[in-house]
Amino acid sequence: MFQGPASRAGRFVVGFDRDAGPSSVLKVVSEHGETTRDLSIAAGVFDVQRIDGLPQDTVTPEGEALLARIAA
């Protein structure tokens, strides 16, 4: 769930992951009340690039020492 301000005109942007399902529910709450709307998410075509053969700790790093090294 995202909570954040809209522009002075009441505009905002909603983004979805490229693997998002075909629909979502948008709920907007303001001092004037709240409303919900069902959204249809259009499928997209994305250029997906893959790198095979990486060590697993490069893909999903774990451990305090490795995470500290990455942060540095």
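1. Let's start with a charged pair. Glu34 and Lys27 are joined by a salt bridge, with 3.6 Å between their closest N and O atoms; the term means a side-chain nitrogen of Lys or Arg within 4 Å of a carboxyl oxygen of Asp or Glu. Both Glu34 and Lys27 are exposed. Here buried stands for under 20% relative accessible area, exposed for over 50%, and partly exposed for what lies in between (1.4 Å probe, protein chains only).

2. A word on the basis of these notes: this is a predicted model, in which local features need pLDDT of at least 70 and side-chain atom pairs count only at pLDDT 80 or more, while totals for chains, interfaces and linings use all residues. Residues are numbered from 1 along each chain as its sequence is written, and side-chain values use heavy atoms, leaving out hydrogens and water.

3. How many salt bridges are there by this rule? The count comes to 2. Asp19 and Arg18 also form one through their side chains, at 3.4 Å from N to O. Asp19 is exposed, at 58% relative accessible area, and Arg18 is partly exposed, at 47%.

4. Now the nonpolar side of the surface. Phe12, Val14, Phe16 and Val28 make a nonpolar patch of about 320 Å². Patches take residues with over 30% relative accessible area and no salt bridge, joining like charges within 9 Å and nonpolar side chains (Val, Leu, Ile, Met, Phe, Trp, Tyr) within 5 Å. Phe12 counts as partly exposed because its relative accessibility is 42%, and Phe12 sits in the segment before strand 1 (23–30).

5. On the overall fold, the protein chain has 2 helices and 2 strands, arranged along the sequence as β-β-α-α. These are DSSP runs numbered from the N terminus: helices are H or I with at least four residues, and strands are E with at least two.

6. The protein chain has a radius of gyration of 19 Å, whereas a compact globule of 72 residues would be near 11 Å; the radius is taken over C-alpha atoms, and the globule rule is 2.2 Å times the number of residues to the power 0.38. Along the principal axes, the C-alpha atoms fill a box of roughly 50 × 30 × 20 Å.

7. Finally, burial: buried residues make up 1% of the 72 residues in the protein chain.

Notes: Areas by Shrake-Rupley, 256 points an atom, 1.4 Å probe, with all protein chains shown as cover.
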